[in-house]
Every structure is written in structure tokens, then in C-alpha cells.
Amino acid sequence: TEYYRITLLPGDGIGSEIIAVMVDVLKTIAPKFDLEFNFQEALIGGAAIDATGSPLPEETLNTCRQSDAVLLAAIGGYKWDNLPRSQRPETGLLALRSGLGLFANLRPATILPQLIDASTLKREVVEGVDIMVVRELTGGVYFGEPKGLFETETGQKRGVNTMAYTEGEIDRIAKVAFEIAQKRKSQLCSVDKANVLEVSQLWRDRVTAMASDYPDVQLSHLYVDNAAMQLVRAPKQFDTIVTGNLFGDILSDAAAMLTGSIGMLPSASLGASGPGVFEPVHGSAPDIAGQDKANPLAQVLSGAMMLRYAFNQPQAAEAIEDAVQTVLNQGYRTGDIMSEGQKLVGCREMGEALLRALS
Ligand code: NAD
Ligand code: IPM
Ligand code: MN
């Protein structure tokens with residue numbers, strides 16, 4: 001029996017609803033693959049602010065560090081939107097990522113055939129789309145210095161963030177991206193704004209220099225504005241995309257809509273060593289929280305990514321991915337992926353269907 005310690009971070013909004021479904025799925029799958037999971041829950045985001053005053057209590061970070069993997073749902077909500085930045089839920093999430101050194105965020109956007117009609121784009125545009133966005137996660141404008149609210153000589157407030165990357169930060173994410181591309185269709189598109197930004201020129205130069213180490217990978221470059229357009233115009237041209245923190249945040253939400261809903265997109269946040277965090281791409285969806293309307297599939301698929309990337313259990317991951325396909329084949333749909341002739345269900349009922357599909 002393989003034994004794993006997993007920290008659960010339900011966070012805010014729909015977090016507790018979707019993580020409950022995923023835990024049931026993991027508990028069902030475990031004995032089938034001779035795995036044993038020890039789950040420990042910890043606080044992050046608004047829930048942690050309310051209980052402790054901090055969006056990432058020291059205790060949470062320690063619990064995460066001592067585990068084999070972390071499963072996060074989402075953080076944030078209206079209630080905490082007016083707190084000073086250091087006390088916001090989002091700051092807790094950023095501190096978790098940087099505290100665990102999770103510089104590489106893998107966001108796969110794969111369209112499942114059952115959901116083509118749920119996409120806002122035409123069938124021929126999205127059919128067969130399979131993109132991996134590799135987003136740099138602990139640098140760029142999210143973390144660059146100086147940052148903050150300053151005052152000008154004339155007494156105006158001036159908000160400042162700095163987009164910065166060192167060569168080392170670029171090289172390590174580029175290496176991850178080249179290696180992922182090699183395992184896919186060996187096409188890597190690096191996205192930047194090198195026509196305007198020095199930080200992007202350095203990004204492009206370093207990625208280009210690394211290409212000689214990977215002669216089998218076909219490297220291309222796009223400016224981010226064009227990349228956003230191309231993602232919607234002809235997404236099938238993309239295989240693997242590598243980009244910085246902010247561009248990756250935005251482009252992965254856009255890529256999510258190719259798959260029908262942001263509620264379908266999982267992600268893996270990985271570092272050089274230590275536990276990774278597996279989290280859906282979407283947020284805490286406060287507009288539907290507590291109503292049993294959330295789509296739990298991005299969370300469930302994040303659990304599958306944990307099995308694959310953290311525990312090297314690809315068969316267990318595939319069993320979960322197959323169960324997702326099974327329930328979609330059976331017609332189960334939450335509101336965000338609903339289309340004509342399908343069965344509208346809530347979060348809990350989708351979970352029950354998954355458990356039936358697994359047993
Ligand atoms: P969001 O992703 O929470 O929601 C955007 C829209 O998508 C909403 O209409 C929501 O109902 C819908 N949606 C999202 N996930 C869904 C799901 N699983 N099933 C069905 N519908 C779903 O983004 P937002 O509204 O911009 O942000 C809300 C809060 O979440 C903010 O506080 C934000 O900072 C936070 N946020 C957190 C994360 C994270 O924890 N990783 C990511 C993004 C946003
Ligand atoms: C995400 C979110 C976060 C980000 C926020 C909530 C800090 O949008 O995980 O995509 O910008 O990285
Ligand atoms: Mn985002």
C-alpha cells in the first residue's frame with residue numbers, strides 16, 4: 001500500500017462544496033489502486049482571515065510543507081474585498097505559491113467531445129483542442145518590486161507594480177515547458193510582449209537560446225495580444241504555451257472557455273521539490289456559492305492531476321478522468337455546461353454520479 005498525506009484547503013465560496021465531491025472520489029478510488037490517503041484540512045483565504053486574522057496562517061503553511069500534496073479549492077469573496085492588501089484572501093494564495101516555491105503552473109485545456117455543444121464557439125473550431133498552458137507562477141508583475149501605493153510630489157496617490165523576471169526565473173520555467181512539449185506534440189509557443197517590454201525581450205531571448213537544447217521541439221513566439229486573438233480564432237494551432245504570470249492567468253481563462261466552462265479546468269502548481277498544489281483554474285464563484293450549483297469537475301480533475309504528477313499514479317488518474325467522461329456520456333450537466341437534451345444536476349448529484357461511475 002502506498003500511503004500519502006494530503007492537505008485539503010477548501011477556502012471560500014464554492015470551495016467546500018466542490019472539495020467534498022473530490023474527497024469522495026479519491027476515497028473511492030484509493031482501495032482500487034492500493035493507495036491510502038490521510039486527509040488533513042487547513043485554513044486559507046477568507047475563512048482563515050475570519051478565524052485567525054491572516055489569509056495564510058503559519059500553521060497552514062507548515063501543514064502543507066509536511067504533506068505529500070496539497071489540494072486547494074478557491075479563495076476570495078465580496079466580504080474581504082475591502083481589506084488592506086496584506087490581509088486579502090488573494091494574498092494568502094500568492095503567499096502559499098511562493099512559500100512552497102511553486103514556479104510552474106500547468107493548466108491543460110482539453111475539450112471533451114461530450115461538451116462541444118456547451119462551448120460558445122463553433123464545433124469545427126473547438127473539436128480536438130488540446131492545449132497545455134505553462135504559466136510562470138512566482139514571479140513577474142505579481143511579485144516584482146517596487147510595489148505598493150505611493151504619493152507623488154503633488155500629493156497624488158500612485159499605484160505601482162513592477163513586471164520583472166531574472167534570467168534564472170525564465171530559464172527554469174522554459175525548461176519545464178520544453179520538457180512538457182516534448183511529451184506532447186513538440187510544439188511550443190512562447191507568449192510575451194517583447195515589442196514593448198524589456199522584461200519580455202529578456203524572456204524571448206532566453207527561451208530562444210534554450211531552443212538549441214531541444215532540437216526536436218518546434219518553438220514559435222507570439223505577442224500576447226495576438227495570442228489572445230489566435231486562441232479564439234483558431235485554437236487548434238496551439239499545443240504547449242509558455243508565458244509569464246499575468247499573461248498566463250488571462251490566457252488560461254480564455255482557453256478555459258474553449259472547453260465549455262471554466263468549471264472544467266484543473267491545474268497543477270509545481271516547484272523544484274516539495275509538495276505541489278493542485279487547484280482548479282476558476283475562483284470561489286461567490287455568485288453561486290452555497291446553492292449546490294457549482295461544477296465540481298475542475299476540482300475532481302485537479303485530484304487526478306495530483307495522482308499523475310505528485311504520486312506517479314497515472315492509472316488512478318485515468319480512472320478518474322474516465323469517470324468524468326462516463327457521467328458526461330450519461331448526460332449529467334451542471335448549469336455552466338448545460339446544453340439541450342441533457343440532465344441538469346447540482347454539485348452533489350454530479351458527485352453521486354461520479355461515485356456510481358467509479359464503482
Ligand atoms: P470566478 O472564477 O470565481 O467566477 C467567474 C464566473 O464563473 C462566475 O460567474 C462563477 O459563477 C463561474 N464559475 C466559476 N467556477 C465555477 C464552477 N466550478 N462551476 C460553475 N460556475 C463557475 O471568478 P471571479 O468571479 O472573478 O472571482 C471571484 C473570487 O474568486 C474573487 O475573490 C477572486 O479573487 C477569487 N479567485 C480565486 C481563484 C483561486 O482561488 N485560485 C481564482 C480566480 C479568482
Ligand atoms: C488564479 C487566480 C489568482 C491568480 C488570484 C486569485 C490571486 O486568478 O489562480 O488564476 O491571479 O493567480
Ligand atoms: Mn485566474
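Two residues are in contact when heavy atoms of theirs lie within 4.5 Å, and the exercises below apply this to a predicted model.

**Exercise 1.** Find which residues Phe-37 is in contact with, leaving aside its neighbours within four places in sequence.

*Solution.* Begin at Phe-37 and set aside the neighbours within four places in sequence; the contacts that remain are Tyr-4, Ile-6, Leu-26, Ile-29, Ala-30, Leu-307 and Phe-311. In soluble globular proteins, nonpolar side chains tend to be buried together.

**Exercise 2.** Determine which side chains have an N or O atom at 2.7 Å, 2.8 Å and 2.9 Å from an oxygen atom of ligand 2.

*Solution.* First list the residues around ligand 2, among them Glu-90, Arg-97, Arg-135, Tyr-142 and Asp-249. Then take the distances in turn: Arg-97 gives 2.7 Å, Arg-135 gives 2.8 Å, and Asp-249 gives 2.9 Å. Finally, the protein covers 78% of the 320 Å² of accessible area that ligand 2 has on its own.

**Exercise 3.** Identify the residue with a backbone N or O atom 2.7 Å from an oxygen atom of ligand 1.

*Solution.* Of the 21 residues that surround ligand 1, the closest include Gly-283, Ala-285 and Asp-287. The backbone atom at 2.7 Å belongs to Gly-283, while a backbone N or O atom of Ser-284 lies 3.2 Å from an oxygen atom of ligand 1.

Methods. Residues numbered from 1 in each chain as written. Chains lettered and ligands numbered in written order. Predicted model: local features only at pLDDT ≥ 70, side-chain atom pairs only at ≥ 80, totals over all residues. Heavy atoms only, no water. Near = heavy atom within 4 Å. Polar contact = N/O pair within 3.5 Å; in protein donor to acceptor, adjacent residues only side chain to side chain. Areas by Shrake-Rupley, 256 points an atom, 1.4 Å probe, with all protein chains shown as cover.
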